Amino acid sequence: MNAQKANNTKEKVRQLQRKLYLAAKSNSKRRFHALYDKVYRKDILLEAWKRVKANGGAGGIDHISITDVEASGIDKFLVETQQELMEGRYHPKPVRRTYIPKGNGERRPLGIPIIKDRVIQMAVKLIMEPLFEADFLECSYGFRPKRNAHQALDRIRKDTAKKGWWVVDADIKGYFNNINHEKLMLMVKQRISDRRVLKLIWKWLKAGVMEKGEVAESELGSPQGGVISPLLANIYLHYFDCKWDWHYKHLGKLVRYCDDFVIVCRTKKEAEHALQAVKSIMGKLELELHPDKTKLVSMWDGKEGFDFLGFHHRRKLSETASGQKFSETHQFPSNKAMQKMRDNLKGVFASRSTLLLDVHKMIEILNPKIVGMRNYYALKNAGKQLNKMDWYIIKKFTLWHNYKTQNKRRYARISKVRKIIYNNGLQRLAV
């Protein structure tokens, strides 16, 4: 596929999305009934494939990978997919259950759909997303176009600076596993009346999970790992956003990133009322706050702080260029995030096979990881933590170098190694 054709496809999809968004924005009560034929449009399926390929990931229960699809022919795959949708023969497969470790020693379940299901989910997402983006509120930042975690963090920093002395730090217990299917579909139906699209979404919710060769039916939840799951999760919690905006925003500022959220309040009393309001709204959604992970945090004197989106938030003294001191909310990598970064870097040095590589190859492997972490974590007050991480990399490199050169003193020549790696282009986290 040449670049011009790819750009034309992307532009056609963008124009359709813009048209749908403006139509939804102009009429908040409009329900869209002619969407299914757009799902199997060739340009939509092609754009969906490109996005699924860019996201990568393993194959589902059929063990067919992205590479396998490419080997057998992308055009052939897309034509077959289109025919299945047009003729009503498409039925999703159960998702493959896998687990990823969490920072607290627990494991988070992921459901991996097959490639075909991922492409069709992406196609439906391309059509659905503009309709709901017209309704979503400013307080929501997660998994939305042109919105990101840094914007949410900036919002928190500004809100806590404006006499936001108390914070409701909340955690929804097993959110993705407890979404009520019937209630979710009622919310989807507020914008979509096309029966065939609604049937697709219902099939994905009920597709089930395969683990150890056995399929378990899905009565609740939306499997994390599905392409469309974050959008459905946002649609479900949009009810929470609206209820807060209509009835409780006088109590505090809500900042939500998918299922993670905080509420910044002025007083302890307002924070207590806010927490009760949240519990009430969650009850209507048949969701529950985690009792051990939900708390009220005083930001008044800097003795307490809270973790959100990988950062610890705490009021501390800062100093102007002229030496004048003032109090502000500092945001720096949390302890859990620091450990996650260390584990990520440690994995590079873990295998003895790396002893066969030279310094240039090791730097080539490490730099993308360092740049990725720096792009996310290098906020204004994160320098101290990122310097620690740079020092950790230097020490790991020194250990690697001394093993490679059979020097029994583990941290011998650390200054020399530091000079070598930075002279050869190793990136730094602290900027």
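Trainee: Where is S140 found?

Mentor: Keep in mind that this is a predicted model. To place a residue, look for the elements on either side of it. S140 is found in the loop between α6 and α7, where α7 covers residues 149-161.

Trainee: Is S140 buried or exposed?

Mentor: Buried means under 20% relative accessible area. S140 has a relative accessible area of 0%, so S140 is buried.

Trainee: Which residues is S140 in contact with, leaving aside its neighbours within four places in sequence?

Mentor: Skipping those neighbours brings out contacts between separate parts of the chain. For S140 the list is R147, N234, D241 and R256.

Trainee: Which residues have the most contacts inside the largest nonpolar core?

Mentor: Start with the general idea. In soluble globular proteins, nonpolar side chains tend to be buried together. Here the largest nonpolar core has 80 residues. M128, V188, I235, F240, W244, F261 and M282 have the most contacts inside it.

Trainee: Which helix gives the most to this core?

Mentor: Helix α6, residues 115-133. Its share is 11 residues.

Trainee: And F240, what does F240 touch?

Mentor: Leave out residues up to four places away in sequence. Then F240 touches L254, R256, F261, V278, I281, M282 and L285. There is also a second, separate core. That one has 45 residues, and L309, F397, W400 and Y422 are among them.

Trainee: Now helix pairs. At what angle do the axes of α5 and α6 cross?

Mentor: Read the distance and the angle together. Helix α5 spans residues 74-86, and its axis comes within 11 Å of the axis of α6. They cross at roughly 70 degrees. Angles of 65 to 115 degrees count as roughly perpendicular, so α5 is roughly perpendicular to α6. The crossing is right-handed.

Trainee: Which residues make the contact of α5 with α6?

Mentor: From α5, F77, L78, T81, E84 and L85. From α6, I115, K116, V119 and I120. By class, the contact has 6 nonpolar, 1 polar and 2 charged residues.

Trainee: How do α10 and α11 cross?

Mentor: Apply that reading again. Helix α10 is residues 229-248 and helix α11 is residues 268-284. Their axes come within 10 Å and cross at roughly 140 degrees. Roughly antiparallel needs an angle over 145 degrees, so α10 is oblique to α11. α10 passes α11 in a right-handed crossing.

Trainee: What about α12 and α14: at what angle do they pack?

Mentor: Helix α12 covers residues 335-350, and helix α14 covers residues 383-404. They pack at about 20 degrees, with axes 11 Å apart. Under 35 degrees counts as roughly parallel, so α12 is roughly parallel to α14. The crossing is right-handed.

Trainee: Which residues make the contact of α12 with α14?

Mentor: On α12, M338, M341, R342, L345, K346 and F349. On α14, Q385, K388, M389, Y392, I393, K396, F397 and W400. They divide into 9 nonpolar, 1 polar and 4 charged. F397 and W400 are also included in the second core.

Trainee: L309 is in that core too. Where is its place, and what does L309 touch?

Mentor: L309 sits in the loop between β9 (306-308) and β10 (311-319). L309 counts as buried, at 15% relative accessibility. Not counting residues up to four places away in sequence, L309 touches A149, A152, L153, Y257 and Y376. Sequence separation is worth checking here. L309 and A152 are 157 residues apart along the chain, while their C-alpha atoms are separated by 8.8 Å.

Trainee: Last one. Is E272 buried, partly exposed or exposed?

Mentor: E272 lies in helix α11. Its relative accessible area is 38%, so E272 is partly exposed.

Technical notes: Residues numbered from 1 in each chain as written. Heavy atoms only, no water. Core = buried A, V, L, I, M, F, W, Y, C linked by side-chain atoms within 4.5 Å. Buried < 20%, exposed > 50% of the residue type's maximum accessible area, 1.4 Å probe, protein only. Helix = DSSP H or I, 4+ residues; strand = E, 2+ residues; numbered from the N terminus. Contact = heavy atoms within 4.5 Å. Axes fitted to C-alpha atoms, helices over the stretch in contact; angles between N-to-C directions. Left-handed = near helix turned anticlockwise from the far one by under 90°. Nonpolar A, V, L, I, M, F, W, Y, C, P; charged D, E, K, R; others polar.
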